[in-house]
Amino acid sequence: MTEPMPVTSVWLTCQQPSRDQRRGRYAPESSSHPGKMLPHLAAHVIRTYTAPGDLVFDPMCG
C-alpha cells in the first residue's frame with residue numbers, strides 16, 4: 001500500500017494513462033459517455049474524503 005497523499009489543491013493522481021486505467025473495466029459503449037472519471041481519481045477522492053464504512057453516493061452510477 002502506498003503512503004497517503006496530503007490534502008492539497010493539486011492532486012498528484014492519475015499518473016497512469018487513462019487507457020491503462022480503464023482497460024478491462026468498462027463496457028465498450030461507456031467510452032462514448034461524456035462524463036468519464038478515471039478510476040484512480042475516483043479512488044483518490046473516496047480515500048481522501050471518506051472513512052472506512054462510509055456510504056459513497058454516485059449519482060452517475062459509475
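Helices here are DSSP runs of H or I with at least four residues, strands are E runs of at least two, and both are numbered from the N terminus. The model is predicted: local features need pLDDT of at least 70, side-chain atom pairs need 80 or more, and totals for chains, interfaces and linings use all residues. Numbering starts from 1 along each chain as its sequence is written, and side-chain values use heavy atoms, without hydrogens or water.

Serine 18 counts as partly exposed because its relative accessibility is 37% (buried is under 20%, exposed over 50%, partly exposed in between; 1.4 Å probe, protein chains only). I then took a C-alpha to C-alpha distance: serine 18 and leucine 38 are 6.5 Å apart in space and 20 residues apart in sequence.

I moved to aspartate 54, in the segment after α2 (39-49). Aspartate 54 is also partly exposed, at 45% relative accessibility. Its side chain reaches the backbone nitrogen of alanine 51 at 2.8 Å.

Last, I noted the whole protein. I count 2 helices and 0 strands. Buried residues are 6% of the 62.

Note on methods: Polar contact = N/O pair within 3.5 Å; in protein donor to acceptor, adjacent residues only side chain to side chain.
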